[in-house]
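Please examine the sequence and the three-dimensional structure shown below before reading on.

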Amino acid sequence: AARGAWEAGEEGEVQEQVCVQAALVLHTLLSLGSARIVETAVACQALPALVHMLDAHAPLSHLALDCIWRVVTVATSTPKLDLCRLLARAGVARPLVALLETS
């Protein structure tokens, strides 16, 4: 069964696979630990997209959570408080709690 905003059926499966591929690319880039890559990802609205992916099934939700963790932990010129505000504005609390409850 699909969770959250993810659709059931063939179209939903294709959508989720595309998101998994996108998350893998972003995860690979963030794994480099570059402050510039993190700042670019934040500027390109990656945080709201990652928060949305938290509602998906594993492995997408786990990839999204790891990407968010990497964004928050890499040292950048953006203060951590600002990153946390952006995450809060994107609505991270509800899907994060739901993910933690199911893990």
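The model shown here is predicted. The protein contains six helices and zero strands, so that from the N terminus on its elements read α-α-α-α-α-α. Its radius of gyration is 13 Å, close to the 13 Å that the globule rule gives for 103 residues, and the protein is therefore as compact as a globular protein of that length. Along the principal axes, the C-alpha trace spans about 40 × 25 × 20 Å.

Of the 103 residues, 33% count as buried. The protein exposes about 6100 Å², of which carbon and sulfur atoms supply 62%. Among contacts between residues at least 6 apart in sequence, 72% join residues at least 24 apart.

Consider next helix α4, residues 60–73, and helix α5, residues 80–89. Their axes come within 9 Å and cross at roughly 150 degrees. Because angles over 145 degrees count as roughly antiparallel, α4 is roughly antiparallel to α5. On the side of α4, the contact is made by Ile-68, Val-71, Val-72 and Thr-73, while α5 contributes Lys-80, Leu-83 and Leu-87. The residues of this contact divide into five nonpolar, one polar and one charged.

Helix α4 also holds Ser-61. Is Ser-61 buried or exposed? Its relative accessibility is 1%, and because buried means under 20%, Ser-61 counts as buried. Leaving aside residues up to four places away in sequence, Ser-61 touches Met-53, Leu-54, Ala-56 and Leu-99.

Key. Residues numbered from 1 in each chain as written. Predicted model: local features only at pLDDT ≥ 70, side-chain atom pairs only at ≥ 80, totals over all residues. Heavy atoms only, no water. Axes fitted to C-alpha atoms, helices over the stretch in contact; angles between N-to-C directions. Helix = DSSP H or I, 4+ residues; strand = E, 2+ residues; numbered from the N terminus. Parallel < 35°, antiparallel > 145°, perpendicular 65-115°, else oblique. Contact = heavy atoms within 4.5 Å. Nonpolar A, V, L, I, M, F, W, Y, C, P; charged D, E, K, R; others polar. Buried < 20%, exposed > 50% of the residue type's maximum accessible area, 1.4 Å probe, protein only. Rg over C-alpha atoms; globule rule 2.2 N^0.38 Å. Areas by Shrake-Rupley, 256 points an atom, 1.4 Å probe, with all protein chains shown as cover.
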